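Dear colleague,

Please find below the structure that I am handing over to you. My notes on it follow directly after.

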Amino acid sequence: MTVSTNPFANYTLSIAAQYQDTKQGIEDAQKKPHRKMYRSMETMLRECVFLGATRFGTNYIA
């Protein structure tokens, strides 16, 4: 942040910096998390038996 001798300029720059921080925070919050990938059915079932229904459909039987 640049500091000026003009108090109005300092006020404007601080508002612009807060806006930029808020904008960046909102963009970071809207990013979707990475989806977990399972390489085999065994590793998926070790974590939770019910994950099969969400991945392979409601007809899935473990």
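This is a predicted model: local features need pLDDT of at least 70, side-chain atom pairs count only at pLDDT 80 or more; totals for chains, interfaces and linings use all residues.

Residues are numbered from 1 along each chain as its sequence is written, and side-chain values use heavy atoms, with hydrogens and water left out. The average pLDDT of the chain is 78, and 71% of the residues score at least 70.

The chain holds 3 helices and 0 strands, in the order α-α-α along the sequence. Helices (H or I, at least four residues) and strands (E, at least two) are DSSP runs, numbered from the N terminus.

Of the 62 residues, 6% count as buried; buried means under 20% relative accessible area, exposed over 50%, and partly exposed in between (1.4 Å probe, protein chains only). The chain exposes about 5900 Å², of which carbon and sulfur atoms supply 59%.

Helix H1 comprises 23 residues, 7-29, and reaches 33 Å from its first C-alpha to its last, close to the 33 Å expected at 1.5 Å a residue (1.5 Å times one less than the number of residues). Asn6 caps its N-terminal end, with a side-chain oxygen 3.0 Å from the backbone nitrogen of Phe8.

Phe8 also belongs to a nonpolar surface patch with Tyr11 and Ile15, together about 360 Å² of accessible area. Such patches join nonpolar side chains (Val, Leu, Ile, Met, Phe, Trp, Tyr) within 5 Å, from residues with over 30% relative accessible area and no salt bridge. Tyr11 lies in helix H1 and is exposed, at 52% relative accessible area.

The count of salt bridges is 1, the cut-off being a side-chain nitrogen of Lys or Arg within 4 Å of a carboxyl oxygen of Asp or Glu. Lys31 pairs with Asp28 in a salt bridge, their closest N and O atoms being 3.7 Å apart. Lys31 is exposed, at 59% relative accessible area, whereas Asp28 is partly exposed, at 38%.

With kind regards

Methods:
A polar contact is a pair of N or O atoms within 3.5 Å; within protein, one must be able to donate a hydrogen and the other to accept it, and residues adjacent in sequence count only if both atoms are side-chain atoms. pLDDT is the predictor's confidence in each residue, from 0 to 100. Patches are made of residues with over 30% relative accessible area and no salt bridge: like charges are joined within 9 Å, nonpolar side chains (Val, Leu, Ile, Met, Phe, Trp, Tyr) within 5 Å. Accessible areas come from the Shrake-Rupley method with a 1.4 Å probe; for residues, only the protein chains shown count as cover.
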